[in-house]
Amino acid sequence: MATTSVLLESLPRTSAETKQVKFGKCDGFMQALRERVDAYFVETGQAKRDHWRMYVKTVVILSWITASYIGLIFFAVAWWQALLLSMSLGLAMAAVGFNIQHDGGHGAYSRFPIVNNMMAFTLDILGGSSFIWKRTHNVVHHSYTNVTGVDGDIDLGFMGRLSPHQERYGFHRFQHFYLWFLYGFITFKWQFRDDYLGLIAGKVGNTRIFRPKGWNAVALVVGKLIFITLAFIIPFSLHAWYNVLLCFFAASFVQGVVLSVVFQLAHVVEHADFPMPEEESLRIENAWAVHQVETTVDFAQTSRLVNWYTGGLNFQIEHHLFPQICHIHYPALAKIVEDTSREFGVSYNAHPTAGSAIASHYRWLRQMGRADVVTDADAAI
Ligand SMILES: [Zn+2]
């Protein structure tokens, strides 16, 4: 692949007219990776998708979320039971997102598109939109990772400064304390704001959203109706409205914190790059595959628990290079990717534990919030 490009509404340092960001020429790195990964699947005789462990995992996670929901709605009598089950529901919702919806949305779950679409639809049941996600996550975040003004996943608006190219406000000096709390509201944002505004305005952040048609439109409406029924109509018919809202808040808050933190540990840490395209040509110097490796950091590669729960998102480098391979394979692919990166002089980084990655995210937030950090963006002003 020589270049990749996307239509943009705007970039922070350019006019609002439509622009195209391109990557540098491929230097053989991605080709070598593809050949070696393909050889791994030939040697081991495994399929890239439809892995039996993924099907077992799906049953376990869907049982977990169902048991949490039924326990909360029909069996919880004391406040602490409701709180614990709400938190369990929140953790299970995040697990559905990491494992089932994410693999399905990328087409990494199965070789059958209908199975992938069914798995991706779990996001609609949780109050999001798989249609919008495929655009904002698959196309934009995965192509233009950590490119300020393009990748909406590093854009918290004025509330946080994740990239050195974003504007700094005085209160950002406290962001390494308060952002952890605000992460809890991210699911409310896409459940009640982003999808609806995105469809009305035709864009989410800088990403243009085309209005869904046919089955996509049906799935979007049906998904929203199922979510509203499960989250509000059934609980309201059995419990006091304030208890329902408290439990909904607790579950969504836990889900939001977990989803946000796992994302941030891969892209918003000290060793992740935030390159900007050259101003006139809008060309990013690195080839696409090099860009993916250098804007992403793995963590806790040896933890089976972290790997199981996060759906392999502790191996985000491998995920960004091979998003259509089931995440069950990422630990095995990591050695190939790391060795090939070293061979081609590409910076491959991994934090040894989840704790060290969290500490790195904390330090990066503190650094980005400080006034005395002079960046390229500051220098250009
Ligand atoms: Zn992804």
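This report walks through the zinc site, some helices, the salt bridges and a few loop residues of a predicted model.

## Before we start

Because this is a predicted model, local features need pLDDT of at least 70 and side-chain atom pairs count only at pLDDT 80 or more, while totals for chains, interfaces and linings use all residues. Residues are numbered from 1 along each chain as its sequence is written, and side-chain values use heavy atoms, with hydrogens and water left out.

Helices (H or I, at least four residues) and strands (E, at least two) are DSSP runs, numbered from the N terminus. Buried means under 20% relative accessible area, exposed means over 50%, and partly exposed is in between (1.4 Å probe, protein chains only).

## The zinc site

Which residues hold the zinc ion's protein donors? They are His102, His106, His137, His142 and His319, each through NE2, and they lie 2.1 to 2.2 Å from the ion. Donors here are N, O and S atoms within 2.8 Å of the metal (3.2 Å for Na, K and Ca); water is not among the atoms, so sites may look incomplete.

Along the sequence, the donor residues follow the spacing H-x3-H-x30-H-x4-H-x176-H. His106 and His319 are both buried.

## A nonpolar patch on the surface

Now for the outside. Trp79, Trp80, Leu83, Leu84 and Met87 make up a nonpolar surface patch, and together they have about 590 Å² of accessible area. Patches are built from residues with over 30% relative accessible area and no salt bridge, joining like charges within 9 Å and nonpolar side chains (Val, Leu, Ile, Met, Phe, Trp, Tyr) within 5 Å. The areas come from the Shrake-Rupley method with a 1.4 Å probe, and for residues only the protein chains shown count as cover.

Take Leu84 as one of the patch members. Leu84 is found in helix H3, and its relative accessible area of 52% makes it exposed.

Helix H10 (residues 241-267) has 27 residues and reaches 39 Å from its first C-alpha to its last, close to the 39 Å expected. That expected span is 1.5 Å times one less than the number of residues. H10 is mostly covered, with 20 of its 27 residues buried.

Helix H4 (residues 113-120) has Val115, Asn116, Met119 and Ala120 as its buried residues. These cover an arc of only 135° around the axis, so they end up on the same side of H4. The arc is taken from the directions from the helix axis to the C-beta atoms. Pro113, Ile114 and Met118, on the other side of H4, are exposed.

## Salt bridges

Side chains of opposite charge can pair when their charged atoms come close. A salt bridge here is a side-chain nitrogen of Lys or Arg within 4 Å of a carboxyl oxygen of Asp or Glu, and by this rule the count comes to nine. One of them joins Asp194 and Lys189 at 2.9 Å, N to O. Asp194 is buried at 14% relative accessibility, whereas Lys189 is partly exposed at 36%. Lys189, Arg193 and Asp194 are linked in a network of salt bridges.

Arg363 pairs with Glu270, their closest N and O atoms being 2.9 Å apart. This pair links distant parts of the chain: Arg363 is in helix H15 (residues 354-369) and Glu270 in the loop between H10 and strand E5 (283-287), 93 residues apart. Arg342 and Glu338 form another salt bridge, with closest N and O atoms 2.3 Å apart. Both lie in helix H14 (residues 330-343), four residues apart, about one turn of the helix. Arg342 is exposed at 51%, while Glu338 is partly exposed at 22%.

## Loop residues worth a look

The loop between helix H6 (130-143) and helix H7 (175-182) contains Phe158, which is exposed at 52% relative accessible area. Phe158 and His172 are 14 residues apart along the chain, and their C-alpha atoms are separated by 8.9 Å.

Most residues other than glycine have a negative phi. Asn146 has a positive phi near 60°; Asn146 is also in the loop between H6 and H7, and counts as buried at 0% relative accessibility. Leu282 has a positive phi too, about 55°. Leu282 lies in the loop between H10 and E5 and is buried, with a relative accessible area of 5%.
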